[in-house]
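Me: Please take a close look at one part of this model, the packing. Keep it brisk.

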Amino acid sequence: MTGFVAILMGSQSDMDHAQKIVAVLDQLGIASEVRIGSAHKTPAHVMTILEGWKADPRPKVLITIAGRSNALSGFVDAQVSCPVIACPPYSSSFGGADVYSSLRMPSAVAPAVVLEPANAALLCGKILGLGDPGIKAQVEAMQQRAIDTVLASDAALAGDAKLDQPGEK
């Protein structure tokens with residue numbers, strides 16, 4: 001059974017962040033669904049969304065996107081048994097300090113925290129790939145493309161006659 005990723009944003013302002021995640025999930029061939037709910041403002045609505053996802057028999061990973069005071073990630077993680085990844089957007093108004101609300105959780109509440117949206121999607125692929133060889137192959141192909149990019153960049157740089165070679169002065 002193919003898994004999916006459920007993405008829960010705290011507000012519409014998180015949509016750009018969610019779209020970056022969805023783009024990578026699409027590359028990996030992983031279905032996703034994006035919803036909006038606030039742990040602070042609409043906890044009953046969040047519970048309704050979570051109940052629907054819990055009833056879905058497919059393997060799943062949840063990603064929460066909430067900045068400032070990230071109650072959403074802890075609230076969601078405490079309600080589900082599947083993996084939850086907190087992927088809070090960067091907030092320049094707090095100089096990034098609001099990320100601390102994603103890092104410290106009470107006992108028995110354990111969402112992973114991945115700050116880069118593409119990497120949150122990749123972690124979903126790695127988790128779902130444990131039970132799905134097709135997703136695992138897509139993750140491995142994505143990783144190989146990243147390796148190939150680094151090696152090609154190094155080869156181009158090494159071929160530049162203007163640069164000093166290691167050990168030369």
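Reply: **Packing up close**

The charged end of Arg-58 lies over the ring of Phe-4, at 4.0 Å from the ring's centre. (A charge sits over a ring if NZ of Lys or CZ of Arg is within 6 Å of the ring centre and within 35 degrees of the ring normal.) Aromatic pairs number zero; such a pair needs rings of Phe, Tyr or Trp (its six-membered ring) with centres within 6.5 Å.

This is a predicted model, where local features need pLDDT of at least 70, side-chain atom pairs need 80 or more, and totals for chains, interfaces and linings use all residues. Numbering runs from 1 along each chain as its sequence is written, and side-chain values use heavy atoms, without hydrogens or water.

The protein has six helices and five strands (DSSP runs numbered from the N terminus: H or I of at least four residues for helices, E of at least two for strands). Their order along the sequence is β-α-β-α-β-α-β-α-β-α-α. Along the principal axes, the C-alpha atoms fill a box of roughly 65 × 40 × 30 Å.

Start with H1 (residues 15-28) and H5 (residues 117-129). Their axes come within 8 Å and cross at roughly 40° (axes are lines fitted to C-alpha atoms over the stretch in contact, and angles run from 0 to 180 degrees between N-to-C directions). H1 is therefore oblique to H5 (under 35 degrees is roughly parallel, over 145 roughly antiparallel, 65 to 115 roughly perpendicular, the rest oblique). H1 passes H5 in a right-handed crossing (the near helix is turned clockwise from the far one by less than a right angle). H1 brings His-17, Lys-20, Ile-21, Val-24, Leu-25 and Leu-28. H5 answers with Pro-117, Ala-118, Ala-121, Leu-122, Cys-124 and Gly-125. Contact means heavy atoms within 4.5 Å. By class, this contact has nine nonpolar, two polar and one charged residues (Ala, Val, Leu, Ile, Met, Phe, Trp, Tyr, Cys and Pro are nonpolar; Asp, Glu, Lys and Arg charged; the others, Gly among them, polar).

H1 also packs on H6 (residues 133-158), at about 110° with axes 9 Å apart. The two are therefore roughly perpendicular. Val-24, Gln-27 and Leu-28 of H1 meet Ile-135, Gln-138, Val-139, Met-142 and Arg-145 of H6.

Last, H2 (residues 43-55) and H3 (residues 71-79). They pack at about 45°, axes 11 Å apart. H2 is therefore oblique to H3. The crossing of H2 past H3 is right-handed. From H2, Pro-43, Val-46, Met-47, Leu-50 and Lys-54 meet Leu-72, Phe-75, Val-76 and Gln-79 in H3. That contact has seven nonpolar, one polar and one charged residues.

Key: Rings of Phe, Tyr and Trp (its six-membered ring) pair if their centres lie within 6.5 Å; planes under 30 degrees apart count as stacked, over 60 as edge-to-face and the rest as tilted.
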